[in-house]
Amino acid sequence: MGETSSSVPVKKNNNVPEIPIEIVSDEEMAIIEAALAYARSFTFSVAPAIPSPTFPSQLHINAKSPVRSIAVLSNKGFSNCSQSDIEDSGNMLNTQKRRREAESYLHRFRKNRGLSITDITSTEWCQKQMEFTLRYGAQKITKAMKAGIARHVKLEEEIIKRVAVKIKSHEDFWALKFINFINGVNQLQLEGVTRELPIIGFAEGVWMVGVIDEIRLPQTLHNRNPILIDTKTRSRDTLPSEPQRRNGRLQLMCYKYMWDNLVARKFPSKHFFDSFGLNPHHTLCEDLQGESGDSGFSALTLDDVVTHYKIPRAVLGAAHDQLLLRYESQKDHSLLGEDKFAYDPKWLKDQIQTCLKFWVGEEEARYVPEDERWKCKFCQYVSICPAYTNTAQPVVLPNPCDDSNIKESQGPCE
């Protein structure tokens with residue numbers, strides 16, 4: 001494995017700096033988060049952070065459908081079918097299901113690393129764009145995206161210091177994520193805040209991974225329900241469109257769902273090892289063994305680390321039901337606005353399931369709805385997308401850089 005760096009929280013005054021804000025368009029933010037997620041895959045928090053084998057990584061250390069087929073068979077009448085006919089039809093359905101799963105985007109592109117929350121939000125933004133991205137490669141990183149990435153790094157460095165470590169296996173790579181989480185939770189308990197917290201969980205039948213932008217404890221002594229915050233930066237001093245806000249809400253709700261599952265001890269470790277082909281008894285590299293000790297526990301194997309991947313329920317509870325999106329200017333980091341909203345578990349589940357139908361191959365990729373077709377103007381795949389190219393009358397798209405169309409602003413000018 002290559003050399004990677006880990007992060008160590010930087011001790012500061014007791015006064016935790018006000019949460020900065022970052023914003024770009026949802027489309028851009030998805031790419032930014034993907035880039036950050038890749039970089040942090042190789043980071044460690046509160047303890048050493050480690051990358052995947054053969055890749056550099058960083059460490060954060062805390063300073064302190066079968067239904068249709070069955071319907072067809074039922075029309076013929078089972079009374080005329082032999083037992084072997086029925087068994088054959090069942091085998092055919094199972095074979096079709098296995099083939100569909102093997103050909104699904106989830107199996108082809110995320111089999112060994114799980115779905116990222118960015119995958120979910122990008123799919124919600126436009127399933128067709130997500131499909132094109134998987135087939136033809138990620139979109140180009142714009143100047144606004146680079147500014148957003150730089151801002152995230154700066155915010156992280158305010159309380160976390162990166163430390164270089166060497167990893168040698170995929171088990172080391174995953175152990176790094178877990179240790180960074182443990183370090184982040186330790187920092188949250190001691191300092192009341194942590195940033196860039198990696199999180200792994202099993203939701204709606206699939207493994208998901210993500211990085212929580214920021215978590216803070218409430219000021220009141222008896223409230224131990226952490227507040228999840230996401231900071232986004234904007235190149236224009238305007239608030240985002242409703243589709244962008246909706247996408248940001250989905251992101252934070254996913255993180256709350258994953259956090260709360262950990263509080264409830266819902267982490268099927270054996271299923272995790274089996275899903276990613278990991279050896280729980282694999283001996284970790286020396287750097288990670290040492291970092292685990294610095295994090296407050298001794299770990300020789302991946303299983304040792306996973307055992308400590310939990311949230312201390314006596315100290316921390318489920319995430320607060322009120323979530324916060326903050327938007328700031330890229331120019332001077334001034335606050336442009338905040339979006340405080342309540343967690344909606346039913347809406348979240350519906351959104352995730354809709355996205356998963358695309359990922360597991362149950363449904364073809366959907367186009368954006370007509371009232372959001374303006375997104376196409378800022379998509380690099382517009383020239384090959386049937387939703388746009390097959391339109392007899394070209395869609396008249398608003399200029400998102402025009403204040404009169406601010407509700408539909410999305411894209412390069414963000």
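In the predicted model described here, helix α8 is followed by G192, whose phi is positive, near 85 degrees; helices (H or I, at least four residues) and strands (E, at least two) are taken as DSSP runs numbered from the N terminus. Residues are numbered from 1 along each chain as its sequence is written, and, the model being a predicted one, local features need pLDDT of at least 70 and side-chain atom pairs count only at pLDDT 80 or more, whereas totals for chains, interfaces and linings use all residues. Side-chain values rest on heavy atoms, with hydrogens and water left out.

Helix α8 (residues 170-191) has 22 residues, which at 1.5 Å a residue should span 32 Å, and the 31 Å between its end C-alpha atoms agrees with this, the expected span being 1.5 Å times one less than the number of residues. Of these 22 residues, 18 are buried, so α8 is largely enclosed by the rest of the structure; buried denotes under 20% relative accessible area, exposed over 50% and partly exposed in between (1.4 Å probe, protein chains only).

For helix α13 (residues 345-359), the 15 residues should span 21 Å, and its end C-alpha atoms are 21 Å apart, in agreement. The buried residues of α13 are L348, Q351, I352, C355, L356, F358 and W359. They cover an arc of only 150 degrees around the axis, which places them on the same side of α13, the arc being that of the directions from the helix axis to the C-beta atoms. Among the elements that cover these residues are α4 (105-110), α5 (117-125), α6 and α9 (242-263), where contact means heavy atoms within 4.5 Å. After α13 comes G361, with a positive phi near 85 degrees.

Helix α6 is mostly covered, with 7 of its 10 residues buried, namely Q127, K128, Q129, M130, E131, F132 and L134. Just after α6, G137 adopts a positive phi of about 105 degrees.

The largest cavity has a volume of about 120 Å³. Of the 15 residues that line this cavity, C126, Q129, C376, C379 and C385 are the closest to its centre, and helix α6 (residues 127-136) gives the most to the lining, with 3 residues. On a 1 Å grid over the protein atoms alone, a cavity is a set of points where a 1.4 Å probe fits but cannot get out, and lining residues have an atom within 4 Å of a point; grid points are joined across faces, edges and corners, and the volume is the space filled by probe spheres set on the points.

Technical notes. On a 1 Å grid over the protein atoms alone, a cavity is a set of points where a 1.4 Å probe fits but cannot get out, and a pocket is an open set with protein on both sides within 12 Å along at least five of seven lines; lining residues have an atom within 4 Å of a point.
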